[in-house]
Amino acid sequence: MKIEIKLRDLKRTVEISRTDGALRFVVDGRSLDADPVEIAPGIYSILIEGQSFEARVDTTGGGLRVSVAGREYAAQIVDPRQRNRYRGGAIEAEGRQQVIAPMPGKVVRVLAAAGDVVEAGKGLVVIEAMKMQNEVRSPKSGTIERMLVAEGQAVNSGDVLAVVV
Amino acid sequence: MFRKILIANRGEIAVRVARACKEMGIRAAVVFSDADRAALHVRLADEAYRIGPAPSRESYLAIDKVIGAAQQARCDAIHPGYGFLAENPAFARECAAARITFIGPSPEAMEKLGSKTAARQLARAVGVPTVPGTVEPIEKLDDAIDAARKVGFPVVLKAVAGGGGKGMRLIEQETGMSAAWRDASSEAQNAFGDARLYLEKYLIRPRHIEIQVLGDHHGHLLHLGERECSVQRRYQKVIEEAPSSLMTPELRGAMGEAAVKLARAGGYANAGTVEFLVDTEHNFYFLEMNTRLQVEHPVTEMVTSLDLVKLQIRVAAGEALPFTQDEIAVRGHAIECRIYAEDPDNNFSPSPGKILARRVPAGPGIRLDDSIYAGWTVPNEYDPLLGKLIAWGADRKEAISRLKRALDEYYAMGIRTNVELFRRILNSSDFQNADVHTRWLDDFLRQPASTVTPGDREQSNADDAAAVALAMWHISRNGSRDGQKADAPSLAASEWKLEARREQLNRAPRE
């Protein structure tokens, strides 16, 4: 499979395949001799040309970040299989989507109800955390199947707020 | 010696004090709020007592509940840590009334030295230099303008009850005075319930250097040298070190003597810190005294080979200090960084949450004083300090390289931390040359972070590693749902992932 990655404003393509049980990587059309091992979810030990790297992928707070060799970068992943439509540059998700709380906090407003038809990017729930209000948006255009939170309710990071189909 | 000590605190300092108790054969009892049932200080203690709901006012700051827990546990002493009730004379008095030893100074000494204005008056009375400014709180705006003219602009307005930069305003010239007066007093009222302000001359490129003092109840009072805490973000210490690069034996002697003189004048016993600002001409000015153990006490411990918490406990139990001033020697160099759950991309706002995985740095010269573990959720309700990472080296250069090495080993996934900030600071030439002052970091943070130089082989391999990691991560989360299944790698679902899925399943049906 092939994905596109944006890292430090650099666009790169990564192709992964498995032959004889071994993973093979082609990065930007060039074969890469990489030996990755997953240590724990999001934590990888990667050997490239004898150099040992530890890379960590984290999504805390919403954005995707990768840290390697003592530096941390914001990153984006585009999977062509999921790239059917673009809206305002954002990638729209497909299928039944759970809307997840990106941080612990309190629900201060619920902006949509079950049965509502929403556009991708429409605000669904406002969560207040550490006195900051954060709008959680719909990942896709569709119908709210379930709204699982009410105003005043406390939520933890990762809690499902709503389901959009 | 005490049989059992109640630790009236939480977080890394509660763990630190419990460790000292255990090493001394004293039972360690702790208190906890509802938010801290699973906290490390509870897990490591010999005894633990619930004292109320999460808000500090109803738990860690509730004097009657803390004393009640100490009585229930039959403790003969209370260690307050720092923050919460540590500098509250009323609490020290309640301890005495309950015949429980408060491990710290007397309430009278706390009042004389802990209040900024009272301490400055005492300093002037005994000939310890203070920053030029007003001795008494200022009544009204006109008086503030008069005082500012007298010492010369720029000046700073500060809250009498203040700390941590709240209720504090810099005024460059007279026209800015009335707005600053209004803002500072309303901020002080909101933060401390006390709107009173005083005024000080604003020093150019000052360094924050503080002297650790220690006294027993047998008339001995001495100092353990200095710590430099000039790297501050908005008046909050970020990095502390000992010794100070600015220090000469003469300056250390003079500042140490001044600190001891002031503490003695206030009738001080136990551990305390006298804070000074030092200007470019090596003039020093008394700033304030902290009548408690400091967050940054480990750097002093590392260079003096002393255990300050054990010494606090010993002198509180009536023992005499086991050494004299001449026997205090400073060896090597130590640097501490305060690791916070903060989001560097969001103006360092607190980033509470569940810690999914972490690694503890170790090896020569490294000390980590913290209170977190994988699986623990950093609560919303308290200061987001996760812990302190301290490096010791034979000299400052080795301490810096050890700290950098340890920071590379450190991670806590699931929350954001300010670790990246320390890498930037430690890699800067200003910090390496010790060319810093109390406003250096605020200036430094306004500059863009240095960009990596592309083309370098190691960097390009690191970029490739990042790309591979992102691809692996993407597959492990999304799998391969379409027709490409045949040639896509199938990564075995680990126990971790299964557990995460189970959690999701448990969460979903909440209708």
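This tour visits one helix of chain B, then the side of chain B that touches chain A.

The model is predicted: local features need pLDDT of at least 70, side-chain atom pairs count only at pLDDT 80 or more, and totals for chains, interfaces and linings use all residues. Residues are numbered from 1 along each chain as its sequence is written, with chains lettered from A and ligands numbered from 1 in the order written.

**Stop 1: helix 8 of chain B**

Select residues 177-192 of chain B, which form helix 8. Helices (H or I, at least four residues) and strands (E, at least two) are DSSP runs, numbered from the N terminus. Helix 8 has 16 residues and reaches 22 Å from first C-alpha to last, close to the 22 Å expected at 1.5 Å a residue. That expected span is 1.5 Å times one less than the number of residues.

Now pick B:Met177, B:Ala180, B:Trp181, B:Ala184, B:Ser185 and B:Ala188; they are buried (20 or more other C-beta atoms within 10 Å of their own; exposed means 12 or fewer; C-beta atoms are placed from the backbone). They cover an arc of only 120° around the axis, so they sit on the same side of helix 8. The arc is that of the directions from the helix axis to the C-beta atoms.

Turn to the face away from the buried side: B:Ala179, B:Arg182, B:Ser186 and B:Asn190 are exposed there. Just after the helix, B:Gly193 has a positive phi of about 70°.

**Stop 2: the contact with chain A**

How many residues does each chain bring? Chain B gives 47 and chain A gives 52, with contact meaning backbone-placed C-beta atoms within 7 Å. Select helix 16 (457-478) of chain B. Helix 16 gives the most to the side of chain B that touches chain A, with 17 residues.

Note on methods. Contact = placed C-beta atoms within 7 Å.
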